[in-house]
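Open the model in your viewer and show the protein as a cartoon.

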Amino acid sequence: MLGTLVRYGRKADYVLIDTFSTLNFYYAYLCGMYCKLFNIPFALFLHGGDLPLRVVKSPFISKQLFSAATKLISPSEYLRSSFLKLGYQPVLIPNIVNIKNYHYKVREIDSVDLLWVRNFREHYNPILAVNVLAKLSDLSIPTSLKMVGPGGIDSSLESCRARAVELHIADKVDFTGMMTKAQWIELSKSCNVFINTTNVDNTPVSVIEAMALGLPVVSTNVGGIPFLLEDGVDALLVEPNDEEAMCRAIERLKSDPELVKQLTLNARKKVENFDWEVVKHKWKKLFDELSV
């Protein structure tokens with residue numbers, strides 16, 4: 001981030017800085033201060049369900065960074081409302097999908113073939129997916145689980161592998177590693193339920209993509225999720241770290257094809273508003289304002 005900014009920033013009309021709550025936050029701060037030093041207009045693109053907490057934990061540098069920004073951009077109503085409470089005025093521009101790349105497919109749920117897509121990190125609680133798979137298997141429901149995403153940030157991937165062995169379901173879990181978007185979309189054709197197990201969230205693109213593909217979504221009800229999904233309307237929501245509740249929700253989908261159809265049609269209709277052809281007008285308006 002810093003290298004790119006030093007190389008190109010002083011030639012730019014304005015700079016967009018992705019701003020997360022973890023280590024990235026300090027790089028975003030340094031980038032923002034560089035822009036301020038050289039009078040380069042910059043906007044902060046807010047990410048991560050824990051970002052409001054970062055503002056509380058680091059009030060001095062947060063105020064320096066956010067006050068110096070020309071615009072704050074939020075991809076979710078959750079972050080926008082959180083920052084409004086903190087005294088800032090973010091612009092809402094949702095995450096983007098090119099809807100034409102996502103073929104809606106009606107799913108039949110005879111066996112339960114779960115899909116999980118995320119980085120393996122503790123706060124995304126991937127081990128819950130493994131526990132859910134085990135619980136469904138104990139109920140004699142034919143099941144499988146594909147877990148797509150890289151590990152290495154913490155020990156979550158290794159813990160999931162070990163847990164699958166411990167529960168004697170290692171043969172039912174496919175840890176694919178990192179895949180391209182095209183690869184996991186192709187993989188999704190063999191799955192019929194998307195599960196989001198996280199304990200902290202904003203507006204995950206993987207969930208939006210699952211909605212576009214016609215995968216019924218079962219998600220924990222945390223952070224920005226209830227701003228994206230409505231329980232019983234376009235997804236089923238459960239409390240975090242509750243494998244029993246997540247299993248019941250999946251069983252409900254399996255036993256009610258009409259519910260699956262209703263949820264997925266509503267979900268697809270909702271995410272069509274995230275298509276680039278719709279969202280690009282919001283970006284154009286923002287760039288016009290930054291150029292003034």
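Begin with the charges. This is a predicted model, and its protein chain carries 33 positive and 32 negative charges, whose mean positions are 9 Å apart. Colour both kinds to see where they lie.

Now look at the whole protein chain as a cartoon. There are 13 helices and ten strands in it. Its radius of gyration is 20 Å, close to the 19 Å that the globule rule gives for 292 residues, so the chain is as compact as a globular protein of that length. Turn the view to follow the principal axes: the C-alpha trace spans about 65 × 35 × 35 Å along them.

Next, show the surface. Of the 292 residues, 51% are buried, where buried means under 20% relative accessible area. Of the contacts between residues at least 6 apart in sequence, 74% join residues at least 24 apart.

Hide the surface and select residues 112-117, which form strand β5. How many of the six residues of β5 are buried? Six of the six are, so the strand is largely enclosed by the rest of the structure.

Show the side chains of β5. In a regular strand, side chains alternate between the two faces of the sheet. On one side of β5 are Val 112, Leu 114 and Trp 116, and on the other are Asp 113, Leu 115 and Val 117; all are buried, so both faces are covered.

Select Val 117 and find Val 148 of β6 opposite.

How values were computed: Residues numbered from 1 in each chain as written. Predicted model: local features only at pLDDT ≥ 70, side-chain atom pairs only at ≥ 80, totals over all residues. Heavy atoms only, no water. Helix = DSSP H or I, 4+ residues; strand = E, 2+ residues; numbered from the N terminus. Rg over C-alpha atoms; globule rule 2.2 N^0.38 Å. Buried < 20%, exposed > 50% of the residue type's maximum accessible area, 1.4 Å probe, protein only. Contact = heavy atoms within 4.5 Å. Lys, Arg positive; Asp, Glu negative; His and termini not counted. Charge placed at Lys NZ, Arg CZ, Asp CG, Glu CD. Pairing = 2+ DSSP bridges.
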